[in-house]
Amino acid sequence: MADLEELYREIILDHYRSPRNRGELESPPAHRVEGFNPLCGDEVVISLLVEGGKLADLKIGGSGCSISQSSASLMSSAVKGKPLEEVRQLIHTFKGMMSIHGAQLGQDDEPVEAEEINLEKLGELAALQGVVKFPVRIKCATLSWNALAQGLDEMADQAS
Amino acid sequence: MTPAPATPAAPLNVEALRKDFPLLTRTVHDRPIVYLDSASSALQPQTVITAMARYYETTHANVHRGVYATAEESTHLYEQARIVAGRFVGAPDPEHEIVFTKNTTESLNLVAHSWGRTNLAAGDAILLTEMEHHANIVPWLMLAEEVGLEVRYIPVDGEGRLDLDELDTLVSGVKLVGLSAMSNVLGTINPLAELTAVAHRAGAVVVADGAQLVPHVPVDVAALGVDFIAFSAHKMMGPTGIGVLWGRAELLDAMPPFLGGGGMILDVKLDSFRSAPPPARFEAGTPPIAEAVGLTAAIEYLNEIGMDRIRAHELALTGHALARLDEKLGPDCHVFGPPAGEDRGGVISIAYRDVHAHDLAQVLDQFGVCVRPGHHCAKPLMRKLGVQATARASLSLFSDEHDIEVLIEGLVEAGRLFG
């Protein structure tokens with residue numbers, strides 16, 4: 001069961017059992033964005049509050065498997081309070097980690113070179129690295145990240 | 001192959017039957033495969049694989065066209081499959097009433113498209129059930145959007161059976177009733193004959209989704225009384241890529257074509273065409289010929305064992321599985337659907353503690369156990385059950401008590417991991 005333990009690391013189980021930043025922010029002023037995985041029915045609802053070029057606050061709702069929910073929780077901890085540029089960079093790095101093996105499996109993200117990915121930069125998020133060995137679950141791990149990226153895009157569009 | 005049974009009730013020699021399935025000899029994560037996903041797609045016995053390979057090696061040619069020997073032989077094999085498939089479900093006139101499609105989904109779309117568009121108009125009502133697979137909901141919703149239909153549903157009760165209390169009101173005035181013969185989530189076998197009689201009294205045509213029932217329970221369309229029944233070869237140990245629609249001859253005769261192209265016409269002019277009689281009318285283009293050969297081999301395999309024996313085995317094993325799950329896992333393990341009995345097939349949808357179905361399935365995979373997690377293409381039913389996903393184990397003629405023990409072992413490990 002070595003593979004399983006690599007997938008379900010303690011930190012992932014911890015975030016699954018005790019998800020951080022759970023809930024919803026009043027919208028407006030917060031921006032609300034949803035992500036669905038039609039294959040398995042997992043869903044994530046993210047409320048984003050941007051102030052002064054920073055992601056001042058975010059809350060996560062929705063339900064799904066341990067990978068999708070822990071990834072959303074880990075993401076919320078990693079991006080909360082960060083400047084938007086840094087958030088976007090983190091999304092890019094995280095999705096890069098997920099697409100090293102997934103690129104040939106029809107992932108539409110631009111492939112990221114392995115050397116670009118600095119696992120140290122990912123901190124706790126690196127725990128989700130084990131997911132790439134289970135290609136079907138990559139979409140679970142990236143669900144909230146795609147929703148976050150979409151939310152940031154929507155807000156940028158509204159602002160321009 | 002197993003010899004023909006001495007008596008209909010003779011139990012299956014599962015150990016011997018398992019040797020008929022090459023895929024069962026492989027390992028997954030260094031463990032023997034435990035295949036509990038036949039409701040999604042069944043495995044193939046060697047006879048099916050060999051029949052298809054032999055066809056390509058010795059006979060392949062397009063059907064209904066050439067006059068050379070192999071073309072004649074191909075045509076014969078393809079038409080033979082129609083007879084075999086028709087007899088398997090008791091069709092009175094298989095030559096004219098069996099239409100080959102891609103799968104159950106296409107069969108149901110064919111009925112919605114050809115029968116539905118001709119016979120349903122704005123304001124008409126149709127009646128489905130809450131336990132339908134998306135394949136027997138979405139084609140009707142598409143038609144409803146197009147022409148403006150009222151779509152009603154027979155509700156599902158707390159035990160996973162159809163709640164027939166309001167049936168008389170629901171069925172009143174409807175022109176079509178669409179029914180799952182057996183639920184792919186709950187395992188519930190619906191009282192098709194009884195419901196069909198009620199529908200017919202109301203003047204409705206009945207289309208049955210037989211994808212789960214036909215592979216596991218003896219079916220006789222004449223006894224059921226339905227007007228259409230759809231099923232797929234790959235769920236009954238045949239190949240993917242071929243499905244069946246049986247329809248009453250007089251209904252098929254009055255239906256316009258589904259897809260247009262070669263093979264479905266009598267004559268074509270620059271500004272018009274005349275379509276062929278059924279079943280050719282509904283089979284545009286080169287059909288799945290090798291797949292039809294595989295379907296014949298699959299049905300011969302099932303017939304040789306005997307559908308009544310297969311049903312008896314799966315029913316007994318369902319009872320055993322439900323009892324063992326309860327005994328070993330207790331209230332932590334919730335199985336949806338009615339208790340094992342005559343109205344229950346070998347589909348076992350599980351919720352275990354609060355472990356998500358995808359995590360259950362992931363852990364089970366490490367034990368070599370193949371189950372299907374998710375909403376099983378029945379989202380309205382899942383909403384009714386109040387769950388996002390279940391882990392579904394489904395039985396086959398080669399399933400045995402050991403498979404159930406490995407399933408339980410995997411569930412216990414998932415419980416430990418997610419504690």
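In this predicted model, 39 residues of domain 1 of chain B are in contact with 32 residues of domain 2 of chain B. Domain 1 is built from two stretches, 14-42 and 307-418, while domain 2 covers 50-303. Chain B also meets chain A, with 22 residues of chain A in contact with 16 residues of chain B.

**Between the domains of chain B**

- The centres of domain 1 and domain 2 of chain B, taken over C-alpha atoms, are 28 Å apart.
- About 2,800 Å² is buried between domain 1 and domain 2 of chain B, and carbon and sulfur atoms account for 59% of it.
- On the domain 1 side, the residues that lose the most area to domain 2 are B:Met307, B:Asp343 and B:Leu381, which together make up 23% of what that side buries.
- The rule finds 2 salt bridges across the interface of domain 1 and domain 2 of chain B.
- B:Asp343 also takes part in a salt bridge with B:Arg161, where the closest N and O atoms are 2.6 Å apart.
- Three elements of chain B each give two or more residues to the side of domain 1 that touches domain 2: α12 (307-329), β14 (347-352) and α14 (379-385).
- Of these, α14(B) gives the most, with 6 residues.
- By class, the side of domain 1 that touches domain 2 holds 19 nonpolar, 10 polar and 10 charged residues.

**Between chain A and chain B**

- Chain A and chain B bury about 1,600 Å² between them, with 54% of that area coming from carbon and sulfur atoms.
- Across the interface of chain A and chain B, the rule finds 1 salt bridge.
- A:Arg137 forms a salt bridge with B:Asp359, and their closest N and O atoms lie 2.9 Å apart.
- There are 9 residue pairs in polar contact between chain A and chain B, with both residues at pLDDT 80 or more.
- On the side of chain A that touches chain B, the elements giving two or more residues are α1 (2-7), α2 (10-17), β2 (42-51) and α3 (66-79) of chain A.
- The largest share of that side comes from α1(A), with 4 residues.
- The side of chain A that touches chain B is made up of 12 nonpolar, 4 polar and 6 charged residues.

**B:Arg18 and its surroundings**

- B:Arg18 belongs to helix α1 of chain B, which spans residues 14-18.
- A polar atom of the B:Arg18 side chain lies 2.5 Å from the backbone oxygen of B:Phe398.
- The side chains of B:Arg18 and B:Asp403 are joined by a polar contact of 3.4 Å.
- Not counting residues up to four places away in sequence, B:Arg18 touches B:Leu24, B:Ile33, B:Phe398, B:Ser399, B:Asp400 and B:Asp403.

**B:Thr59 in its loop**

- B:Thr59 sits in the loop of chain B between α2 (46-58) and α3 (69-88).
- With a relative accessible area of 8%, B:Thr59 counts as buried, because the cut-off for buried is under 20%.
- Leaving aside neighbours within four places in sequence, B:Thr59 is in contact with B:Arg54, B:Thr70, B:Glu73, B:Ser74 and B:Leu77.

Technical notes. Residues numbered from 1 in each chain as written. Chains lettered and ligands numbered in written order. Predicted model: local features only at pLDDT ≥ 70, side-chain atom pairs only at ≥ 80, totals over all residues. Heavy atoms only, no water. Buried < 20%, exposed > 50% of the residue type's maximum accessible area, 1.4 Å probe, protein only. Contact = heavy atoms within 4.5 Å. Buried area = accessible area lost by both parts, 1.4 Å probe. Salt bridge = Lys/Arg side-chain N within 4 Å of Asp/Glu carboxyl O. Polar contact = N/O pair within 3.5 Å; in protein donor to acceptor, adjacent residues only side chain to side chain. Nonpolar A, V, L, I, M, F, W, Y, C, P; charged D, E, K, R; others polar. Domains from an automatic or database assignment.
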